[in-house]
Amino acid sequence: MGEMIREMAFAIADAQYELDEASIRVAQMMGGRVPILDEAGTVTGSEDSRVYFGTDAEGKAQKVSMLELGFSPTFYQFTNNIIEVKIAIKITRESSYTRNTKTTGTKRSKPAFGGFFGGSSKLKTTTVDATYASKYSYSAEGASLLRCNLVPIPPPAIFEERVRDLFDTEDETEA
């Protein structure tokens, strides 16, 4: 059961990483410059992803990024993750008695740490799988449940500040 929970947790972490990576690519595209990478992952250039939007004072078509138009990329975050696993629990008691034929009476074996009425108690857990379900007529439907909420989160304030600084720097170099 622990391994299954661990695997589900890692699956959520991997999905979060991929969501963040996709949002970063969208942010780059919205910023107007999409990096071009070679096979080694090195940036070899960039592609202009700005859109034509209106005309400037001279009547030329003006290209602006989506960030300049006020759009911002959406980042997502997993919240309220619930992992529920149903298991069947069976408690058994074992007691052993031996008869001593040389003397009269009954001899009882007793475990080292005692137990319920002189016997030993064992706790046994079994995951609800197809074998268990067919043997004990247990419906395995819904035996495991993973529920995740995926919600958009606003961009951090530092991101918006950096975007503004980037546009101010570009405006100064163009002037």
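Please keep in mind that the model is predicted.

**The hairpin**

**Around S49 and T55**

Follow the chain onward and you reach S49, in the loop between strand 2 and strand 3 (51-55). Its relative accessible area is 16%, so S49 counts as buried. The side chain of S49 reaches the backbone oxygen of M29 at 2.5 Å. Leaving aside residues up to four places away in sequence, S49 touches Q28, M29, G32, R33 and V34.

T55, in strand 3, is exposed, with 52% relative accessibility. Again leaving aside residues up to four places away in sequence, T55 touches K60, A61 and Q62.

**Salt bridges**

Side chains of opposite charge can pair when their charged atoms come close. In the whole structure, a search finds four salt bridges.

| Pair | N to O distance |
|---|---|
| E21 and R25 | 3.8 Å |
| R33 and D48 | 3.6 Å |
| K63 and D48 | 2.9 Å |

Where do E21 and R25 lie relative to each other in helix 1? They are four residues apart in helix 1 (residues 2-31), so about one helical turn separates them. E21 is partly exposed at 35% relative accessible area, and R25 is partly exposed at 48%.

R33 and D48 meet in a salt bridge. Because R33 sits in strand 1 and D48 in strand 2, this pair ties together parts that are 15 residues apart in sequence. R33 is partly exposed, at 40% relative accessibility, and D48 is partly exposed too, with a relative accessible area of 31%.

D48 also forms a salt bridge with K63. Here K63 belongs to strand 4 (residues 61-64) and D48 to strand 2, so this pair too ties together parts that are 15 residues apart in sequence. K63 has a relative accessible area of 28% and is partly exposed. Which residues are linked in a network of salt bridges? They are R33, D48, R50 and K63.

Technical notes
Residues numbered from 1 in each chain as written. Predicted model: local features only at pLDDT ≥ 70, side-chain atom pairs only at ≥ 80, totals over all residues. Heavy atoms only, no water. Helix = DSSP H or I, 4+ residues; strand = E, 2+ residues; numbered from the N terminus. Buried < 20%, exposed > 50% of the residue type's maximum accessible area, 1.4 Å probe, protein only. Polar contact = N/O pair within 3.5 Å; in protein donor to acceptor, adjacent residues only side chain to side chain. Contact = heavy atoms within 4.5 Å. Salt bridge = Lys/Arg side-chain N within 4 Å of Asp/Glu carboxyl O.
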